[in-house]
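Here is a short briefing to read alongside the model. Take a moment with the sequence and the fold, then follow the points below.

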Amino acid sequence: LSVSAAAQLVAPALLAGADATRGVILSRVRENLAALGRALHPASCVTLGPAEAGWYATARLPRTRSELDWVLDLARDGVAAQPGWFYEFEDEAWLVLSLLTPPADFAEGTATLLRLAESG
């Protein structure tokens, strides 16, 4: 498909700001990943999965409920997460968390996740 005239007109401005945008995204991803790493202390029942790239983190949860139940329980508390089976994880229970979330919201969501996990 061809690019619309409007997109062609704004392309130079968008490309000119690409480095700054990348910097903001990288800073936020690093900040949220570091905060998640600090929140998941060694005794935590939630562990950080391996990071391969991108702006997502994976969290391994206790198998006290299905991934769908984890996602639904978190959603009831205002936290959005994706189940591991969306990403073809072979076993449960994994969540995929967006590191693009504003840091204050990410910290609140992490606290909610840990509270839910530690309560069983």
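This is a predicted model: local features need pLDDT of at least 70, side-chain atom pairs count only at pLDDT 80 or more; totals for chains, interfaces and linings use all residues.

**Around Y56**

With a relative accessible area of 37%, Y56 is partly exposed.

- Four strands make an open sheet in the order β1-β2-β4-β3, and their pairing is antiparallel.
- The edge positions belong to β1 (47–48) and β3 (82–83); each has a single partner strand, so one side of each has no neighbour in the sheet.
- Between β1 and β2, the antiparallel pairing runs over two bridges, and L48 has A59 in β2 as its bridge partner.
- β2 also pairs with β4, again in the antiparallel sense, over five bridges; here R60 stands opposite W94 in β4.
- Q82 has V96 in β4 as its bridge partner.

**Aromatic pairs**

- How many aromatic pairs does a search of the whole structure find? There are three.
- One of them joins Y56 and Y87 in a tilted arrangement, with 6.2 Å from centre to centre and 50° between the planes.
- That pair links distant parts of the chain, since Y56 sits in strand β2 and Y87 in the loop between β3 and β4, 31 residues apart.
- Y87 has a relative accessibility of 37%, so Y87 counts as partly exposed.
- W85 and F86 form an edge-to-face pair, because their ring planes stand at 90° with the centres 4.8 Å apart.
- W85 is partly exposed too, at a relative accessible area of 43%.

**A charge over a ring**

- Which residue lies over the face of W70? It is R65, placed 4.2 Å from the ring centre.

**The surface patch**

- W55, Y56, L68, L72, W85, F86 and Y87 form a nonpolar patch on the surface.
- Together, these residues have about 710 Å² of accessible area.

Note on methods:
Residues are numbered from 1 along each chain as its sequence is written. Side-chain values use heavy atoms; hydrogens and water are left out. Patches are made of residues with over 30% relative accessible area and no salt bridge: like charges are joined within 9 Å, nonpolar side chains (Val, Leu, Ile, Met, Phe, Trp, Tyr) within 5 Å. Accessible areas come from the Shrake-Rupley method with a 1.4 Å probe; for residues, only the protein chains shown count as cover. A salt bridge is a side-chain nitrogen of Lys or Arg within 4 Å of a carboxyl oxygen of Asp or Glu. Two strands pair if DSSP finds at least two bridges between them. Rings of Phe, Tyr and Trp (its six-membered ring) pair if their centres lie within 6.5 Å; planes under 30 degrees apart count as stacked, over 60 as edge-to-face and the rest as tilted. Buried means under 20% relative accessible area, exposed over 50%, partly exposed in between (1.4 Å probe, protein chains only). A charge sits over a ring if NZ of Lys or CZ of Arg is within 6 Å of the ring centre and within 35 degrees of the ring normal.
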